[in-house]
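This briefing goes through selected features of one protein model, grouped by topic. Please keep the sequence and the coordinates at hand while reading.

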Amino acid sequence: MEFPTLGEHCQYENCNQTDFLPLQCKCGKVFCRVHFNDHCLSGQCELAPKPREFELKNDDQIFRCSSNGCRKGNLHEMLCNKCNKHYCIEHRFHPSCPEIDDETMAAKIEQFEAPRRQFQEANKYLQEKITENIRKALQSSAKVKTASKIHLMRIKQKALGLKSVAASQRVYFAIKKPINMEPKHVKIVQDIDNINIIESVTLDPDLKDTVPVFVCSKWSLGRAIDSICDTCNIKNDNNKMGDIKLRLFRQLDGYCISPLKMEVIIEELIAKEILLEGDKLVIEYISTDVINKLDDNTHIFLS
């Protein structure tokens, strides 16, 4: 036998066969699937589970909706208080009952719709307050991380990406897609003193017109851009000869994330805080000629 320790022997009298998925009674004895029922029905074991009778409803016991053209059925009957006919949830307040006038019908519909409308209004107010709090938090660089965490919670709810990426390795961003394929104007900065101070910049925390995505923290920046383009349906010719290339920018200050080195790993960018999980990022086309003129000490910003 290839796996002598796998499974257990049935303890039913004269059986003793090995079962790889045995069933154990509360009395401690182990049985195969066939003899477990025999043990429970024998009446000799007080701890054995008692058999229960199930009566499945047949088609005649399914209550069909009385609304014309509706084929839905329910296991529980829901009778109209006026005409005493059964209707499904969707047609619960049906206009066909002659004993319900328009005013009564409107009142019942309002009673049904009011909780849903109240929830939508409350949720809209909550989202507006969250957005307002993020905007206030981003007036100083010390609070950028806190705001990004709030962004992150909102992004995770609808994020798209490659499903094979393990949950523990996913990092989330909100991506703003390019409007067209025209190369965008950029500002080239070689003197670090000319870079804007973070406190002078504010972030628009609204997620409108963005696509929530996730990428793998172990990927290179180049592969992450490729995945974002696939997810967001963005034309990507980075691996071809051409006049334009796609690059990733922070919405916060327009800073281009590693314009030359596409092999840098995402988790390294996060460790250096060049990226923060939950950031709103902008992906844009820029001229290949601009990239060819850059060196390792040059920074570029969207102008």
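The model is predicted. Strand β11 spans residues 280-287 and is largely enclosed by the rest of the structure, because eight of its eight residues are buried. The largest nonpolar core has 37 residues, and the largest pocket holds about 350 Å³ of space. The count of disulfides is zero.

- Strand β7, residues 170-176, runs parallel to β11 and is joined to it by three bridges. Within this pairing, A174 stands opposite K280 of β11.
- Strand β10, residues 244-250, pairs with β11 in the antiparallel sense, over seven bridges. Here F249 has V282 of β11 as its bridge partner.
- V282 belongs to β11 and has a relative accessible area of 10%, so this residue counts as buried, the limit being under 20%.
- V282 and L302 are 20 residues apart along the chain, and their C-alpha atoms are separated by 9.7 Å.

**The largest nonpolar core**

- Among the 37 residues of this core, I175, L221, I225 and I283 touch the most other members.
- Two or more residues each come from α3, β7, β9 (211-216), α4 (221-232), β10, α5 (266-271) and β11.
- Helix α4 gives the largest share of the core, with six residues.

**Helix α3 and R154**

- R154 lies in helix α3, which covers residues 144-156.
- The relative accessibility of R154 is 15%, and R154 therefore counts as buried.
- In sequence R154 and L207 are 53 residues apart, and in space their C-alpha atoms are 8.5 Å apart.

**The largest pocket**

- The lining of the largest pocket consists of 16 residues. Those that lie nearest the pocket centre are Y255, S258, P259, K261 and D296.
- By class, this lining has nine nonpolar, three polar and four charged residues.
- S258, one of the residues nearest the centre, sits in the loop between β10 and α5.
- S258 has a positive phi, near 45 degrees, although S258 is a residue other than glycine.
- With a relative accessible area of 18%, S258 is under the 20% limit and so counts as buried.

- C25 is in no disulfide either, and its nearest cysteine sulfur, in C27, is 3.6 Å away.
- C25 has a relative accessibility of 4% and so counts as buried.

**An exposed loop residue**

- N233 is found in the loop between α4 and β10.
- Phi of N233 is near 60 degrees, again a positive value in a residue other than glycine.
- Is N233 buried or exposed? N233 counts as exposed, because its relative accessibility is 70%, over the 50% limit.

Technical notes:
Residues numbered from 1 in each chain as written. Predicted model: local features only at pLDDT ≥ 70, side-chain atom pairs only at ≥ 80, totals over all residues. Heavy atoms only, no water. 1 Å grid on protein atoms, 1.4 Å probe; cavity = no way out; pocket = protein on both sides within 12 Å on 5 of 7 lines; lining within 4 Å. Points joined across faces, edges and corners; volume = space filled by probe spheres on them. Nonpolar A, V, L, I, M, F, W, Y, C, P; charged D, E, K, R; others polar. Helix = DSSP H or I, 4+ residues; strand = E, 2+ residues; numbered from the N terminus. Buried < 20%, exposed > 50% of the residue type's maximum accessible area, 1.4 Å probe, protein only. Disulfide = S-S within 2.5 Å. Pairing = 2+ DSSP bridges. Core = buried A, V, L, I, M, F, W, Y, C linked by side-chain atoms within 4.5 Å.
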